[in-house]
Amino acid sequence: MSKSLIFAAVLAVAFPASIAQADNLKLTSLDWPPYSGNGLEDNGSAAKTVRKLLAAAGHSVSFDFFPWNRAVAEGLGNPEYIGYFPEYYSTALDAEKSKDGKCLFSNSFGSSPVGFVQQSNAPVNWTSYDDLKKLSIGIVSGYVNEERFDAMVADGSLKGQKVTADVLNIRKIAKGRLDLAVIDSNVLDYLLKTDKSLAKLADKVEMNSKLLIEHGLHICFPNTETGKSARASFNKALAAN
């Protein structure tokens, strides 16, 4: 039996009838190039991988793109969708580890190197989070960054300033309004190459040499029987590819 037929059979058993018989599965995501986005080729590298895996299982998939907080809410709360992506792992979000968690995490299907963008003429040398306490640091609202870092921002130990998009933090860094801003290095590279509003700022910003963390990329499924079945099927397809 071919791999595609095997995966299709697995999904037919694992998914409830309403999903197993669907012509098209739906996930929510955000415009987060180069990983995901409505205007990107193949909807981005992360979307391409997810689509490939579900196709191997005999299913087509479509994506609806929203601002991040809405993508999360729709992906977990609207039965039209089977989840959202790409998400970083977080114990606080994990329904199997935290009483307040709502996410059933798939296995990782990609990676995201996360660190800081900084001013090219004012690089920051740091070895511990204590070194960051005196600095102003941009973060994107709703994003998981790194668990200890996020906890220190939440309790005020670190001076986090929230914005709604990475490009806004890049502009603030270039203008000297922030010391650092959290960003994925691939996202920074993509935005500097493609966003016309940043063209004149590209030589003023750079990635800090030290990463915060390299995250895996996951699909977040709702903590329901449907979500459990969907996750199991996706993970089986992932393991076989």
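This is a predicted model: local features need pLDDT of at least 70, side-chain atom pairs count only at pLDDT 80 or more; totals for chains, interfaces and linings use all residues.

**Notes on the model**

1. Let's begin with the part to treat with care. pLDDT stays under 50 over residues 1-18, and the model has 29 contacts beyond four places in sequence for this stretch.

2. The largest nonpolar core has 64 residues. Those with the most contacts inside this core are Val50, Phe85, Phe109, Phe116, Leu132, Phe149 and Phe234. Helix H3 (residues 45-56) supplies the largest share, five residues. As a general background, nonpolar side chains tend to be buried together in soluble globular proteins.

3. Leaving aside residues up to four places away in sequence, Phe85 touches Leu27, Thr28, Ser29 and Leu30, together with Ala46, Ala47 and Val50.

4. On to charges: how many salt bridges does the structure hold? There are seven. One of them pairs Glu80 with Lys26, with the closest N and O atoms 2.3 Å apart. Glu80 sits in the loop between helix H4 (68-77) and strand S3 (84-87), while Lys26 belongs to strand S1 (residues 24-29), so the pair ties together parts that are 54 residues apart in sequence. Lys26 is buried, at a relative accessible area of 19%, whereas Glu80 is partly exposed, at 42%.

5. A second pair is Asp42 with Lys48, whose side chains meet in a salt bridge at 4.0 Å, N to O. Asp42 is partly exposed, with a relative accessible area of 35%, and Lys48 is partly exposed too, at 48%.

6. Within helix H4, Glu74 and Arg70 lie four residues apart, about one turn of the helix. Their side chains form a salt bridge of 3.6 Å, N to O. Salt bridges that share partners also join Lys26, Asp64 and Glu80 into one network. As for Arg70, a relative accessibility of 45% makes this residue partly exposed.

7. Glu87 deserves a look of its own. This residue lies in strand S3 and is buried, yet has no salt bridge. Which side chain of opposite charge is nearest to Glu87? It is Lys102, 12 Å away. The side chain of Glu87 does make a polar contact with the side chain of Tyr84, at 2.6 Å. Beyond four places in sequence, Glu87 touches Trp68, Leu93, Phe105, Val144, Gly216, Leu217, His218 and Cys220.

8. Finally, helix H6 (residues 166-174) is mostly covered, with seven of its nine residues buried. These are Asp166, Val167, Asn169, Ile170, Lys172, Ile173 and Ala174. The buried residues of H6 pack against strands S5 (110-119), S6 (136-140), S7 (159-163), S8 (180-184) and S9 (205-207), as well as helix H7 (185-194). Just after H6, Gly176 takes a positive phi of about 75°.

Key:
Residues are numbered from 1 along each chain as its sequence is written. Side-chain values use heavy atoms; hydrogens and water are left out. A nonpolar core is a set of buried Ala, Val, Leu, Ile, Met, Phe, Trp, Tyr and Cys residues joined through side-chain atoms within 4.5 Å. Buried means under 20% relative accessible area, exposed over 50%, partly exposed in between (1.4 Å probe, protein chains only). Helices (H or I, at least four residues) and strands (E, at least two) are DSSP runs, numbered from the N terminus. Contact means heavy atoms within 4.5 Å. pLDDT is the predictor's confidence in each residue, from 0 to 100. Lys and Arg count as positive and Asp and Glu as negative; His and the chain ends are not counted. A polar contact is a pair of N or O atoms within 3.5 Å; within protein, one must be able to donate a hydrogen and the other to accept it, and residues adjacent in sequence count only if both atoms are side-chain atoms.
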